[in-house]
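Please look over the model shown here. A short report on selected features goes with it.

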Amino acid sequence: MPAPRFTIEAIRFFERDVALRLPFRFGAATVTACPQVYVHARIRLEDGSSAEGCAAEMMIPKWFDKVPHLSNEDNFTQLRRALQAARSAYTSSADTHTAWGHFANHYADLMAAGERAGLNPLVTSYGPALLDRALLDALCLRHDCSFARAMSDNLPGIAPAALAPDLQGFDFDAFAKAQQPRQRIAARHTVGLADAIEEAEAATAGAVHDGLPTSLEGAIAHYGHTHFKLKLCGDTDADLRRLARIARLVDPVAELVTLDGNEQYQDAAAFGEFLDAFLAAPALAGLAGKCAFIEQPIQRATALQQDLGIASARMPLLVDESDSRIESFVEARTLGYCGVSSKSCKGFYKSAINAARCAQAGPRAGLFLSGEDLTMQAGVGLQQDLALVGWLGLSHVERNGHHYVNGMAALPEEEQKNFLRAHPDLYMHSAGAVRLRIEGGQIDLRSLLAEPGFGGTGKGGGIHWDAMRTEW
């Protein structure tokens with residue numbers, strides 16, 4: 001069946017302020033609060049029917065643009081400008097397009113306009129990433145289908161070769177149809193640079209007392225984690241000492257570990273020195289043996305200009321912040337990267353394209369996607385990200401929003417209940433709020449894969465739009 005075509009009648013933005021229960025330090029940045037933006041979209045199909053959909057995402061400062069002189073407020077303003085630019089482009093015409101068509105027809109112009117406006121590609125991509133999710137949510141709800149079914153049937157009409165010529169001749173429809181969504185997925189627990197390792201350290205540092213874990217030791221005991229993501233600061237000696245402390249707790253339970261350089265290494269030589277020391281340290285042999293990859297070690301300004309082939313022969317490398325354009329993974333592969341992040345803030349179409357590239361290359365090429373987090377919050381944002389990684393068939397995904405934020409505690413009580421009623425397998429009520437349910441280190445995705453909407457947004461409804469900051 002041809003992909004449905006529609007016009008976009010309206011796109012509205014709302015915000016909620018999110019306060020973190022624990023400071024989240026990655027690289028040189030420490031986040032304690034930031035806004036979460038919500039998108040509400042209304043579409044009209046060719047048969048005259050209409051539908052509404054939504055999306056949500058944190059506006060994390062110092063990740064999209066790490067220029068030191070920019071304040072957190074400057075970063076928020078950049079992301080709002082990207083959203084406004086995408087809205088102007090998507091609503092500028094009454095022409096009908098498929099869901100993919102709305103994205104593909106504006107991609108190049110938006111990227112060029114962002115560059116002229118001084119916005120880097122990651123910032124610019126934030127706008128369409130959210131709009132595309134809200135539009136597909138509306139389309140899924142109109143057709144009473146889940147995201148998994150919509151993607152497997154290619155309801156959006158994805159034709160990747162239009163933006164990714166390396167996929168010319170690739171049968172995307174057959175690839176999508178063959179996907180085997182996962183019913184459960186492991187939560188890969190983030191250990192930030194400001195996180196307490198042992199319970200005693202958390203107590204000494206004056207940890208919050210809200211009934212939730214405040215240390216790595218506490219999180220392992222509480223959630224049963226077996227997958228971990230460990231942040232690096234770029235100082236080899238400091239990193240090795242911290243990793244050794246982490247290893248004492250993680251080695252007995254870990255099935256898989258990843259390291260995240262967060263762009264902290266100046267160049268390939270500096271990263272090579274860390275890798276040599278990491279792989280040679282006897283106390284870290286257990287971690288090294290379970291390390292699946294190291295993420296984005298080199299600063300983005302030069303990351304795609306440096307050959308990391310020697311390093312990648314010793315440890316798989318994943319590109320994240322430098323994966324800023326549709327073609328970035330193709331460029332990164334020539335420099336030694338074999339993995340790429342799936343991150344909702346970059347756009348789910350990019351994840352689908354990169355998954356197709358991995359499939360086209362075949363298993364012997366060793367290419368892979370990994371689900372990475374941007375402090376996704378319980379509710380629409382979290383559900384859409386989990387629906388995406390579940391459809392991609394990934395076995396684990398980084399999750400940290402539940403650790404750094406106290407679940408849905410800041411949401412109206414009735415809104416919390418709506419989400420819990422819609423997804424009792426995904427959420428639970430504890431310590432005074434509805435929150436993500438993680439048991440034995442696993443997250444149950446069954447309702448997300450079955451319920452209508454992108455991320456099962458249809459059943460229960462119940463977002464309290466009037467409880468948010470004034471729309472803009």
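## Basis

This is a predicted model: local features need pLDDT of at least 70, side-chain atom pairs count only at pLDDT 80 or more, and totals for chains, interfaces and linings use all residues. Residues are numbered from 1 along each chain as its sequence is written, and side-chain values use heavy atoms, with hydrogens and water left out.

## Salt bridges

The count comes to 36 salt bridges. A salt bridge here is a side-chain nitrogen of Lys or Arg within 4 Å of a carboxyl oxygen of Asp or Glu. Lys229 pairs with Asp260 at 3.5 Å, N to O. Lys229 is in strand 5 (residues 227–231) and Asp260 in strand 6 (residues 256–260), so the bridge ties together parts that are 31 residues apart in sequence. Strands are DSSP runs of E, at least two residues, and helices are runs of H or I, at least four, numbered from the N terminus.

Both Lys229 and Asp260 are buried. Buried means under 20% relative accessible area, exposed over 50%, and partly exposed in between (1.4 Å probe, protein chains only). A network of salt bridges links Arg188, Lys229, Lys231, Asp260, Glu295, Glu372 and Glu398.

## The largest pocket

The largest pocket holds about 340 Å³ of space. Of its 17 lining residues, the closest to the centre are Lys66, Val67, Pro68, Glu263 and Arg300. A pocket is an open set of points on a 1 Å grid over the protein atoms alone, where a 1.4 Å probe fits, with protein on both sides within 12 Å along at least five of seven lines; lining residues have an atom within 4 Å of a point. Grid points are joined across faces, edges and corners, and the volume is the space filled by probe spheres set on them.

Glu263 and Arg300 also form a salt bridge (2.9 Å, N to O). Glu263 is buried at 10% relative accessibility. Arg300 is partly exposed at 24%.

## Helix 17

In helix 17 (residues 413–422), Glu415, Gln416, Asn418, Phe419 and Ala422 are buried. They fall within an arc of 155° seen down the helix axis, so they line one face. The arc is that of the directions from the axis to the C-beta atoms.

Lys417 is partly exposed at 36%; Glu413 is exposed at 55%.

## Ser328

Ser328 belongs to helix 13 (residues 328–333). Ser328 is buried, with a relative accessible area of 3%.
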